[in-house]
Structure formats: C-alpha cells, structure tokens
Amino acid sequence: MALIRRAGRSLSMLKRSSLFHGKQKKQRQQPIVSPSLPNLTPHLPSSLIRLQINTTYSAIPRGISSCSFRSSYIPNRLLTSEAQPKLPDEGIDDTQFLDFPGVKNTAFTCDLKFVSEKSEEVPCYRVLSELGEPVDGAKLPQMADALALRIYENMITLQVMDYLFYEAQRQGRFSFYMTCSGEEAAIVASAAALSNEDVIFAQYREQGALMWRGFDLQEFAHQCYSNSADYGKGRQMPIHYGSKKHNFVTISSPIATQLSHAVGAAYSLKMDRKDACAVTYFGDGATSEGDFHAAMNFAAVMEAPVLFICRNNGWAISTPITDQYRSDGVATKSRAYGMRSICVDGNDALAVYSAVKSARSMAISESRPILIEVLTYRVSHHSTSDDSTKYRSGEELSHWKVMRDPVVRFRRWLEGNGWWNRQKDTELQSHSRKKIIAAMMNAESMKKPPLSDLFTDVYDSIPTNLKEQESYVREAVAKNPNLYPSDVPL
Ligand SMILES: Cc1ncc(C[n+]2csc(CCOP(=O)(O)OP(=O)(O)O)c2C)c(N)n1
Ligand SMILES: [Mg+2]
C-alpha cells in the first residue's frame, strides 16, 4: 500500500504540473519524478515503469493528453504485494501532507473527523467606545481635524437630506425613497478612506459615498424628482444615482448584480496597472445571491483588487439575519474563497476608516480582493414602501437609535478633541436644511424629460418596433389628454 500511495503521490504531482498548468508537451519528455521527493522510478518493477510511461487509457476524453491522464492510472491487479519491491523508508513520510492539485496546507490524518460548522472566531474591530472615547489599547488612525470634520459634516448633511427627502416622498412629491439612517458612519467613513479614482459599485443605500465625492444636493434632488436635469433622464426610479464624473456606477437594484461588475472593473484596473481599486457595497441579504459567491470566487482566482464592503445591517427588508445564513457573520465566508477579510464595528467611523484604508492599500499593492463586513444596524424602514413596525420590536429599534447612534459617537469624539461643539452643530443642521429645501424646490419646478426620451439612447437609430410603440403611446395620449401628466412635454 505504501508503494501505491507513494507512486500515486509522485504521479499526482506530475498530473498537477501537466493537466492543471497546461504544460503537457514539456512534461511528456520528463521522467516521473517528484521535485520534492526521491525519484521512485528506480524502485518500481519494469512492468510498472512501462505502465507509467506508455499505458494509455481508452476512456481518456478527446483533447486530454494521454500523458497527463495515464499518470493517475495504474491497474490494481498490477499492484499486488508480490509486485511491490521493498522501498527504503527514509525521507518519505506519507502521513504528513497531501499533494493534490489545488489543496493547500492539508495534512493527512487517520482520525475520521468532520470539519466543524463553527468557524474560527472572527473578532470585531473597533477603536472608539459607545461614548466616543478611545478603547483601551486601541491605536487610533492618524486623522487630521479637517478630515474628521468633513466626515462629520457629511454625515449630518446626509441625515438631513434623508429626512427631508423621505418626508417629501410621503407627501407624494416623488415616487420612492430609501434612507441610510443608522448606517451613516459605515458609508461615509468608508468612502473617505478611498481615492476618487476607485470605482464604486453600490447597492442603493450608499448615497453618502456619492455625496462624499462631491455629487451635490441639487444633483440628488434632480434625480429623485426624475426631471429633465436628471442624468438618467427620469428613466430610473428615485435613488438610482450614477455619475461618471464621480466614478460611481449607476445603481441597479436587482440585488448583488453589482458585485461581479466590480470584479470585472477591478481586473481591468489591474491590467492597466492603475493605482486604484474597485469597491462594491452590498447588504447582508445580497450574500444569499448566487452573484455574491460567483463574484467572490472570481475575484479571488483572478486576484482582482476589489473591496467587497458588506453592510450587515441586520435585516433584508423583513428577513432577519438569523434567517439569512448559518455562518458566524459574513467576514468568515471569505476563507472558503481564499480571501482576506475583516469584521468591523460599522458604527465606529474611525474603525471603518482605518480598516478600509488598510484594505485598499493591500488590495492595490498585493493585487488581491478583500471582504470587509461592517456591522451597522438599519434604523430606517427598508424604504418608503415598507413598514418595519410589522416585523421588528420597538425596543430593538430604540436600542440602536438611541444607544448606538454612529453619528453621536463620532461627534463625542470630535467634542472630546475640542474640534466641535453644540452651537456648530445647530448651525450645520440649519444650513444643510436650507440648502436641501432650496434644491428640492428647484428640482420640483423643473420640467420632466420629454416623452420622446423614453425611446432614445438604447439604439443609434430607433428601430421600427420602438417607433411603433411610440406612436401607440402618442395615440393614447391624444385620446385621453386628461390622464397624461401636464409636466411631461410631448
Ligand atoms: C434579485 C433581487 N431579488 C429581490 C429583490 C427585492 N429586494 C430589494 S431590496 C431587498 C433586500 C436586500 O437586503 P440587503 O442586501 O440586506 O440590503 P439592505 O436593504 O438591508 O441595505 C430585496 C430582497 C431585488 N431587488 N433583487
Ligand atoms: Mg441588510
């Protein structure tokens, strides 16, 4: 048996170097020798040597080199104890490792033992306590006051914008809205750790990342009001922002589709040797989509510089994370793909900033993907189409809203440094409020895109079937003018 194992090991190493690396021709001329083991061939009987070198297997599929295939084929009847020569045992320990293609760090064992479903513990990284004070032993990132204040101002503007847009939607001024309440630190601080050259593929709740890059309040308002100044010409639902100028790819709400796009973009950045990575944001619910797994594996295998930032906010609409997966969080899943990961307290802006900054630098300099799980509770309803009181308790919500607010935590840290105070806070809130209301009024006063825009921009010249559809719509409008919205030019 020892011979079978040894011969098998030597042969499978050949298989690894030929079949799996496409070097069949070169290997064909070489003796069957393991680079790390003594050459076993001299110990084999001549019949076996002939088999190793010459035997081809009639069942080998076309296109697969017979050399590579035969390397693993030795008929059992020829491996009887009689046929086995005595082998010197020195230097070969069969029990130590497994040399199967693609298997790393796997030792042999005689114990019949299953791998536990419990993963190794993944700690959650944080540097600030709930009170906004550095935790014992924490190494705080170097963050100048200007950057810290900009992060805070962004979070406040985002909160005010979310609040006013949400209310405007409830008044029927536009059709849909989603806030990121409770997740402000995770989004803004992660965006602050990136470079503007990094390409963002967001899910839909990351308006803070776009705001960080300079997409202004007026641009947000135009998009939500679907008016003629909206870059998408009113064809997308509200909150489906996109901006080429800001390297922010337009939101596409089928869950998780953005992940594989990000990997492709990252691979392209790598080929162009750009000092940039791709960044994709997604929720805990998105990790149950096939696209998540395909993207993770693709990124790991292609060594693409992409940051997978999972906002684990506890809920996917009404589905709690307890019904979403059986693993201990999301970060742990990266191991299965051979990818690095970190779990971060997403309500600690400083921790998020340092984790994303380090991950970005590793992703680019080492050309590798990294998974970052940020734990940050969704305080808002899922969207304006949702009523979360139907599926979660008021106590759960108020715990996170009152006790665990990420913006308050960061403000306490700023105040502790003497960089911020209540008066500045009140001024900032009222300034943001005025700017956002002005942007909304302006957006509301603008015309909608013309009807003809529904049919353009997909094809160079409009095909006949679309022309037909346009004439049906125009006929319907002519017959029922009262049903047609007066602010949409014909
Ligand atoms: C492929 C697909 N399935 C279902 C939906 C409906 N849907 C919209 S949001 C959502 C929940 C996503 O939850 P999560 O990824 O955790 O993000 P969160 O809303 O919590 O930020 C679902 C199921 C969708 N948009 N796309
Ligand atoms: Mg979620």
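Val344 has Val374 in E9 as its bridge partner, and this pair belongs to the contact between E8 and E9, which run in the parallel sense and are joined by 6 bridges; strands, like helices, are DSSP runs numbered from the N terminus, with at least two residues (E) for a strand and at least four (H or I) for a helix, and two strands are said to pair if DSSP finds at least two bridges between them. E9 also pairs with E5, again in the parallel sense and over 6 bridges, and here Cys310 stands opposite Glu373 in E9. The model is a predicted one, in which local features need pLDDT of at least 70 and side-chain atom pairs count only at pLDDT 80 or more, while totals for chains, interfaces and linings use all residues. Residues are numbered from 1 along each chain as its sequence is written, and chains are lettered from A and ligands numbered from 1 in the order in which they are written.

How much of E9 is buried? The count is 6 of its 6 residues, so the strand is largely enclosed by the rest of the structure; a residue is called buried if 20 or more other C-beta atoms, placed from the backbone, lie within 10 Å of its own, exposed if 12 or fewer do, and partly exposed in between. Ile370, Ile372 and Val374 point one way from E9, whereas Leu371, Glu373 and Leu375 point the other way, and all of them are buried.

The sheet to which E9 belongs is open and has 7 strands, in the order E1-E8-E9-E5-E4-E2-E3, with parallel pairing. Its edges are formed by strand E1 (124–125) and strand E3 (248–249), each of which has a single partner strand, so one side of each is left without a neighbour in the sheet.

Helix H12 (residues 349–365) lies across E1, strand E5 (306–312), strand E8 (340–345) and strand E9 (370–375), and runs at about 170° to E9; the axes are lines fitted to C-alpha atoms, for helices over the stretch in contact, and the angles run from 0 to 180 degrees between N-to-C directions. H12 has 17 residues and reaches 24 Å from its first C-alpha to its last, close to the 24 Å expected at 1.5 Å a residue, where the expected span is 1.5 Å times one less than the number of residues. Of the 17 residues of H12, 12 are buried, so the helix is largely enclosed by the rest of the structure; among them are Leu350, Val352, Tyr353, Val356, Arg360 and Ile364. Just after H12, Ser367 takes a positive phi of about 50°.

Helix H5 (residues 145–170) gives a similar check on length: its 26 residues should span 38 Å at 1.5 Å a residue, and its end C-alpha atoms are 37 Å apart, which agrees. H5 is followed by Gly172, whose phi is positive, near 85°.

The loop between H8 and E3 holds Ser226 and also Asn247. Ser226, which is not a glycine, has a positive phi near 50°, and Asn247, likewise not a glycine, has a positive phi of about 50°. Ser226 counts as buried because it has 21 C-beta neighbours inside 10 Å, whereas Asn247, with 19 other C-beta atoms within 10 Å, is partly exposed.

Arg213 lies in the loop between helix H7 (207–212) and helix H8 (217–224), and with 17 C-beta neighbours inside 10 Å it counts as partly exposed. Leaving aside residues up to four places away in sequence, Arg213 touches Ala191, Asn196, His246 and Phe248, a contact being a pair of residues whose C-beta atoms, placed from the backbone, lie within 7 Å.

Around ligand 1 there are 16 residues, of which Ile255, Gly283, Gly285, Ala286 and Ala316 come nearest; a residue is near a molecule or strand if its C-beta atom, placed from the backbone, lies within 6 Å of it. Strand E4 (278–283) and strand E6 (315–316) are the elements that give two or more residues to this shell.

Methods: Two residues are in contact if their C-beta atoms, placed from the backbone, lie within 7 Å.
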